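Welcome! Take a moment to look over the sequence and the 3D view below, and then we can walk through them together.

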Amino acid sequence: MEFTDQYWRLCSSCKKPIKYSSKYYECNVSTCTGRRTGYVFCSVPCWETHLPQARHRDAWAIENSSPSLVQYQQELKAESAVSKDATSGRRLIIKPATPAAPSLSASQNEILVVVSKMKQYVKDRADMNTAGEVADTLSDLIRRACDDAIDQARADGRKTIMTRDFKQD
Ligand SMILES: [Zn+2]
Ligand SMILES: [Zn+2]
C-alpha cells in the first residue's frame, strides 16, 4: 500500500480517499478487517457493496476513526520492524497489501470457532466481553495445533489425526 500524507487509505468500494483522523466504516466481520489488508469504507452504503460477495451471516458496519498522520507513520514503522514471531521463531507472512480485493474465502483467514458461543462462555464465566480479534487469534491457535497434529500423524503414516497428536504440554 502506498503511503501518502494526503490521505490514510482509499475506500475499498468507491476509492474515495479517507483522510487521517476522520470517520470511516469497517465491517464487524473480522476477516474483512485485517489490519493492513482489510476493507475500509467511506460510508455505510459503500460498506453494503461488499456484502453480496462476502456472504456474511450476520454483519454490521462499525463506525471508527482513522489514525492521525503521526500515529499512522509510527504504526508503519513498528510493522516494518517486526519480521519474526518472537515466540515461535516462525516467519510471519506479510501479505502484499491489496485493499481492493482481499481474499475472503482463504481458509488461512477463516474463523474456526463459534464466536457467539466463545463470547457467551467468557460472559458466563467471568462477565467479561471479548474483543473482535480474539476469534482470529483462537483460529490461528487451532490452525497451528492442527498443523502440528498433521505432522505427527504423517510421521506415523496415518491419514487420520487423533487426540494423541495434540500435545497437552
Ligand atoms: Zn466509498
Ligand atoms: Zn464484511
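Helices, of at least four residues, and strands, of at least two, are taken here as DSSP runs and numbered from the N terminus. With that in mind, the chain of this predicted model has five helices and four strands. If you follow the chain from the N terminus, the elements come in the order β-β-β-α-α-β-α-α-α.

How much of the chain is buried? Of its 169 residues, 13% are buried. As for contacts, take those between residues at least 6 apart in sequence: 58% of them join residues at least 24 apart.

Now for two residues worth a visit. Lys 15 is not a glycine, yet its phi is positive, at about 65 degrees. You will find Lys 15 in the loop that links strand S1 (9-10) to strand S2 (17-18). Ser 21 is not a glycine either, and has a positive phi of about 50 degrees. Ser 21 sits in the loop between S2 and strand S3 (23-27).

| Residue | Phi | Other C-beta atoms within 10 Å |
|---|---|---|
| Lys 15 | about 65 degrees | 11 atoms |
| Ser 21 | about 50 degrees | 13 atoms |

Notes
Residues are numbered from 1 along each chain as its sequence is written. Chains are lettered from A and ligands numbered from 1 in the order in which they are written. This is a predicted model: local features need pLDDT of at least 70, side-chain atom pairs count only at pLDDT 80 or more; totals for chains, interfaces and linings use all residues. A residue is buried if 20 or more other C-beta atoms lie within 10 Å of its own, exposed if 12 or fewer, and partly exposed in between; C-beta atoms are placed from the backbone. Two residues are in contact if their C-beta atoms, placed from the backbone, lie within 7 Å.
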